[in-house]
Amino acid sequence: MARSLNGFLVLLLFVSICEAASLFQPISDSHRSAAVELFTPDHGSFKSLEETYEALRVFEVLGIEKKPDVTTTACRSISETVGLSSSTPKDLFYALKANSLAKCKINEKTSQGIVTRLNAAVSSASLLLDFHYSVGGLVLIKDQSSKDDVHLADADGVFRSVKAFSQSDGRWRYSSNNPESSAFAAGIALETLAGIISLASSELEQSLTSTLKNDISKLFDSIEKYDDGALYFDDKFVDGREYQGPVSTTSSVVRGLTAFAAVTAGSLNLPGDKILGLAKFFLGIGVPGDAKDFFNQIDSLACLESNRVSIPLILSLPSTVLSLTKKNSLQVRVSTVLGSNAPPLTVKLVGAFSSGLKDASLVENQELKFDAETGLHILNDLPKSIDVGSYTFVFEVVLHEPEHEEIYVTGSQTKVSLFVTGLIKIEIAELTVLDSDLGSIETQKKLDLAGQDAVSLAANHLQKLRLSFQLTTPRGRSFKPHQALLKLRHESNIEHIFVVGNSGKHFEIVVNFLGLVEKFFYLSGRYDIELTVGDAVMENSLLRAIGHIELDLPEPPEKAPRPPLQPVDPYSRYGPKAEITHIFRAPEKRPPMELSLAFLGLTILPLLGFLIGLLRLGVNLKKFPTKAVPATFAILFHVGIGAVLLLYVLFWLKLNLFQTLKLLGFFGVFLLFVGHRILSHLATTSAKLKSA
């Protein structure tokens, strides 16, 4: 049960965090740390110029100082790409993209050659991506070159050629041969058309840009929405191309939208809430673990940070958990999506509602005080109507300058899930044994739930056990926790759990043993008593043993239910077993040394007799082989016999039986081989002598 409560409290805290996660936080240091890890060059360079540009762009937007130095290798790769006549418009596009950040030097002759090649590519382009890379490359070379003569000869015609890929719903096709359209292609098209407008030598027809603004409005009509207000675009599988996903698709639209807004006059007639919803989408995905998604997030937020449509302002809280015990103040920050300071404004707390209830607001309109040093809007003292619990606070942001309302968007109101915690007073805690018939008190013990004292009680099946206590919030109001449980655990580990009910501040439960004898399986003996009081906003949640009771229950009848078998701990069954230690028999006591030497002399006597007998018989070496090979085997045979005799001596002095048998087996095989060879030689020699 202890594990159950701990898991429950963890779940409550997790749910609390998830609910508060709808509060969007601007870019923080966690993004900067992740950027350094995600964009790590391999041996001083990235795999492609596209990856090089993405890394440099992220480092620039986030202002990362301690970044990998890839400028040298990037410039080398850029020079090689722009100098090759076989480089495609896509290669040139990303080379110039990377060069816009790496600031490598490209000579005038090379630049002029790039312009010529890209103009030719625009003239022969038939696909949307061909126009995108060619026009985009010309825009980049114009921005990086000192000359102002980079123009499209027929900007109006190129504009119409790209516009031909548009669809009635605001989406665009990749080619005229495929009817499938996508929002990702719409973003590419908008960025391409913005480049065409900037490259035009004269102003284009007003009708072209007006039509395009209508297409943008239609595109935003199909935008999708999350419950937290985040807006995003998504595509289906289009034209056999790889699925881009909502991050890439939305990023493409944002990039194209802001690029088009930057080169056209007038308003796009897009509601500011939609721009704010796009910002919430990119902030809501947190810190992506994929480098491509991370780049799309940071690049899109950078586009929204300085766009001409509406600059979104984000309201965030450093902490969504406030403690009444610690007297935490309510702190609110308003900034841009990248964390820059907001213009002069006022933050008001216009409402606070208890979660799950539709009552009237608990607070009146209150203005937060701005602290210029920290950039926070602060409410030092929470209203007396705010007690421990979960709430929904409603904030409103009011800009001071009227002209800022045309530049920034804050949204109408921002709802934030917020949790107020505190120490709950546990008072008048008693554990009582009552007589079943009269209800009179048999035994009563006071409980100190803040301490570690435990009580000892005794009861029989005709009595009752009553537990009572009171819970009060720091504001003096009644408090109902998520869990209030009483647990009785028998010495056989069988547990019985009861829910403690309440009436206002007073909590009480009466356990009638007479009606529970079958549930208790007629098990008498000691029962440990454990109390659980837990809640996510209760800073002093408890799970502790408060004592034990000796319970005397009647003998079970024949057909009484038996206690359930307790689960066997798998660790005790399948865990490591006890180590087995082998004990060898202690060596027997040896005889005295003198006696051993005497017997040694007796064993040597036969050997001496053998040697004397050999001398008396006249042993000679006449039949010892004289040829090299037989003589070698004869010598090895006698050496082997000597080795066996030496092994016997070592067995007597040092070796045990197992070691001796192992060596004796080796010498036995050796003697069998050389003995057979020498005996075969002697037999052959004897046969030749007899035949002669």
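## Exercises on pockets, a disulfide and a buried serine

S310 is buried, with a relative accessible area of 10% (buried means under 20%, exposed over 50%, partly exposed in between, with a 1.4 Å probe and protein chains only). Keep in mind that this is a predicted model, where local features need pLDDT of at least 70, side-chain atom pairs count only at pLDDT 80 or more, and totals for chains, interfaces and linings use all residues. Residues are numbered from 1 along each chain as its sequence is written, and side-chain values use heavy atoms, with hydrogens and water left out.

### Exercise 1: the surroundings of S310

Find where S310 sits and what it is in contact with.

Step 1. Look in the loop between helix 13 and strand 3 (311-316): S310 is there. Helices (H or I, at least four residues) and strands (E, at least two) are DSSP runs, numbered from the N terminus.

Step 2. Set aside neighbours within four places in sequence; the contacts of S310 are then G272, I275, L304, I407 and V409. Contact means heavy atoms within 4.5 Å.

### Exercise 2: the disulfide

Locate the disulfide and give its handedness.

Step 1. Searching the whole structure gives one disulfide, taken as a pair of cysteine sulfur atoms within 2.5 Å. C75 and C104 form it, with S to S 2.0 Å.

Step 2. The S-S torsion of C75 and C104 is about -85°, so the disulfide is left-handed.

Step 3. C75 belongs to helix 4 (residues 71-83) and C104 to the loop between helix 5 and helix 6 (108-124), so the bond ties together parts 29 residues apart in sequence.

Step 4. C75 is buried at 19% relative accessible area, and C104 is buried at 12%.

### Exercise 3: two pockets

Step 1. The method uses a 1 Å grid over the protein atoms alone: a cavity is a set of points where a 1.4 Å probe fits but cannot get out, a pocket is an open set with protein on both sides within 12 Å along at least five of seven lines, and lining residues have an atom within 4 Å of a point. Grid points are joined across faces, edges and corners, and a volume is the space filled by probe spheres set on the points.

Step 2. Helix 7 contributes the most, seven residues.

Step 3. Helix 3, helix 5, helix 7, helix 9, helix 11 and helix 13 each give at least two lining residues.

### Exercise 4: a cavity

Characterise the second largest cavity.

Step 1. Strand 10 (residues 389-399) gives the largest share, three residues.
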